[in-house]
Amino acid sequence: MGLRAATDDVKARKRVNSANNAANQPKLSGTYNYRPSDGTNRQAGAPFKSYAGVWAVNTTTPTLRDTFTDPDGDKVNGTFQVYDAATNKPITTPVGEGLIVSDFVDSGKPASVTVPAGQLQDGKTYKFRTNAYDGTHYNLSWSPWTQFVVDTTAPGAPARMTSTTYPEGQWGGGAGTPGRFEVGTGDDGAREVRYRVDGIADLDEGEGALDDPETALRSPALRAGVWQSIATTAGNAAFEVTPGAEGSHYVEAATVDRADNVGEVRAYGFRAGTGPRRTNHIIDIALPKPRKSDGTWRQVDGTQPIPDWSPDAVILEPARADSVKTPDGKVARGKGKERCEDSGNLRICSKIELREVLKPGAEAPERDKATGAETRADATPAPIIPYCSRTGPAADGAFTRTQACLGYQYTYRAIEISSNQPPKLKGVAVFDIEAQVLTDVKSKDIKFWARFAPRPLLPSEPPVTGSIKVRFDPTCDFGCANSPTFDWDGPMTLNGSYPTDPHEQTGTAVMTWDTALDDLGNAGPHDQDRQRSFPIDFRMQIDTSLDGVKQQNVKFENGPFTARCDAANINNMPPGCVFPANNPGWVIDPATYSAAAVHAELMAAKLPGYVGSDYSTPLHYLPMTKKGKPQRNRFDRSDQENRRVICGRSGATGFVPHDKTALFDYLLTPKPNKPDPKDKPSCDEYAFNATYESGGMPKNPDGNANPYLVSNGEQCVQTYEGLSDDGTLHLRDDRRYPEPDWTKAKCGRSSMSLEVNSGAMRLFSQFVSANRLLDADGYYVWTGLKAAGCDWTAAKVICDAWANGFPERSRSAPKLSAPRR
């Protein structure tokens, strides 16, 4: 070690004290540093597991780590360099050259980095190496390369599960009898099999979806502390199970691969015990193979008769309501009741009855319309429901969910009365009144169209002479934003009865629901809290120039017929209005969903009241949402509560798919993440989960007990959709259960293809929106099979004519809507 000046210049000399000096003794200081060591523990993960020297990671942004030590105890960081193992080229990183630098860590602690997103691909192998730095010096060399493979794809369900003691879907063994279960994963990368026994628990109310029954029956994630693991040998594993009780049981198994990806769970159901030993079938219905759905839905088109429609007149002032005889002693015209009130020596009577419907080719008796009766002004509004006017009186009382055809014959009679003389007709006027009412599922407006036409009189009826002033308007007692009045195409004053003045008048009116009056902002979430009913009635004033006759106010009542407007939470729709008494028909296409259609038709015919088979015997919609969200139904019944009773898989009476359930992979559409989707068995129920008639629903809409209620799905009629040995498809009664007793039938439970089952109702929410179905609204199911050659009411329902397809719909079959998406 030496000391020298910075230069050789004599002016640059240095003078130092000697070591003998008491102060400022000379000394020489030096700083040294040892380089950090090589990394000692290179790893990649998660799950940080290696096989044959190659790490497996289950993410495209894995963590890489290595442990470095520094002889001086300095903190160190690591530089990681990542290459594609196949191309030997670095990945792209912010620093470049595939380099990623870690934070500083204590010596001997792992230093780690995360690979940036977008650089690694599933299925490819990469390599990395490391170098340490202590803040002063780098290690002089890179570590050896370490490889890792990216594996983010979970295995499929085990390819095979078998047990000779407990065959899948069948009875076998018994309580306390052990059985060996063998699992073939079908995956070369399988590390272990996880399994559990009777771990299936029906999901909480907030989970699952009505359109996919299986999601409501099995948790999507493995549950810690429940599952057991067993290592695989060449992709296979075996374990033993001992059922604790007789009845339904499940063994679930899932493959775990080298990257700890847990595969799809396979559920293996069986029934412990002996069970029934039937060899007969009392249900055997041949079916065509289902075809792939085109993604559309349909409903039954056409009209229904308005239930209990019986138009009547109400005098809006104190009046007599008894029938009045004509001077010839005959009861007044028609079947409707005549409403009368006295005014001095005159009695004014009004009667509303249905218009006359003529048979084809018949002539109207003595009442052929005179020339000019059909004249129209240029501004005459066109009918808002052309079907009503085109069909004429035959359409009166017909309606759809949003359209109603109404028609009346109104008779006005003025009768002279005296205490000592028989009544004498003084004047008669008869009018045809055609009314059309149109609602909109996305509007608060109810629109009206009406035509007011004089009709010829009978020879014995004297006409009213002089002017007849008429006012005719819809009624709205509360809830309207306006007082609806007709805007007529001309004056509503006639110069006398027909034929003196035969001219007709046509008008339109609009009634609008004023939601502010119902304070919807503070209304509850239930459908019944967010709606208002509007009786479809009319008020008429009629005033004639007859001496002594005062104006008469008449209310046209249509019985219980109402429109309903609501602001319920129906798929985020705006408020709208419908006729709730109309029960729309949901179509299950038997060519696409053959087993679901046949099961629905069979059970609708077998359940008391033929429930759901026709608009006159409807099912009643039960809207249900997931747990944690406001319920629309009045009993706060939440998603899947009914279904768990009928199709739940847990417990001794739980649903176990039939081992011969037919599956149709070709019905499913491949997706990038599922290039080879597989169909599964599922539980189909009738009446449906989302109805008040479901066997799991305790109450009717009125709060009374549901007559179809059962305690579990084993009490339903059991069927399955399966393939025979000859390859033909059938719906048959399930011989694992006793023979059905039709006198006690309350519900149906069928083992069938998930795609057929869920597909039949997949687009039902669109049907709900299109018809504004609210809590307890009626609807029915149409399959076209009611009159297709099968005796649904027979004790043994055996039909073998449909194996090659269902018959074409007859001309008398209901009209169906165009396909909708």
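User: What span should the 13 residues of helix 2 have, and how far apart are its end C-alpha atoms?

Analyst: This is a predicted model, in which local features need pLDDT of at least 70 and side-chain atom pairs count only at pLDDT 80 or more, while totals for chains, interfaces and linings use all residues. Residues are numbered from 1 along each chain as its sequence is written, and side-chain values use heavy atoms, with hydrogens and water left out. Helices (H or I, at least four residues) and strands (E, at least two) are DSSP runs, numbered from the N terminus. The expected span of a helix is 1.5 Å times one less than its number of residues. Helix 2 (residues 594-606) should therefore span 18 Å, and its end C-alpha atoms are 18 Å apart, so the two values agree.

User: What makes strand 18 a partner of strand 12 and of strand 17?

Analyst: Two bridges join strand 12 (residues 171-172) to strand 18, and these strands run parallel; G172 has A272 as its bridge partner. Seven bridges join strand 17 (residues 247-257) to strand 18 in an antiparallel arrangement, with V251 partnered by Y268. Strand 18 (residues 266-272) is also mostly covered, six of its seven residues being buried.

User: Why is the contact of E264 and K680 called a salt bridge?

Analyst: A salt bridge is a side-chain nitrogen of Lys or Arg within 4 Å of a carboxyl oxygen of Asp or Glu. The side chains of E264 and K680 meet at 2.9 Å, N to O, and the pair qualifies. E264 lies in the loop between strand 17 and strand 18, and K680 in the loop between helix 3 (641-647) and strand 39 (681-686), so the pair ties together parts that are 416 residues apart in sequence. E264, at 33% relative accessibility, counts as partly exposed, as does K680 at 24%.

User: Which residues are linked with E192 in a network of salt bridges?

Analyst: The network links K49, R191, E192, R194 and D260. Within it, the side chains of R191 and E192 meet at 3.3 Å, N to O. E192 has a relative accessible area of 13% and is therefore buried. The structure holds 37 salt bridges.

User: How do you know that C647 and C683 form a disulfide, and what is its handedness?

Analyst: A disulfide is a pair of cysteine sulfur atoms within 2.5 Å. The S to S distance of C647 and C683 is 1.9 Å, and the pair meets the criterion. The torsion about the S-S bond is about -65°, so this disulfide is left-handed. The pair links C647 in helix 3 to C683 in strand 39, 36 residues apart. C647 has a relative accessible area of 0% and is therefore buried; C683 counts as buried at 0% relative accessibility.

User: What is the handedness of the link of C340 and C349?

Analyst: With 110° about the S-S bond, the link of C340 and C349 is right-handed. Their sulfur atoms are 2.0 Å apart. A search of the whole structure finds seven disulfides.

Methods: Buried means under 20% relative accessible area, exposed over 50%, partly exposed in between (1.4 Å probe, protein chains only). Two strands pair if DSSP finds at least two bridges between them.
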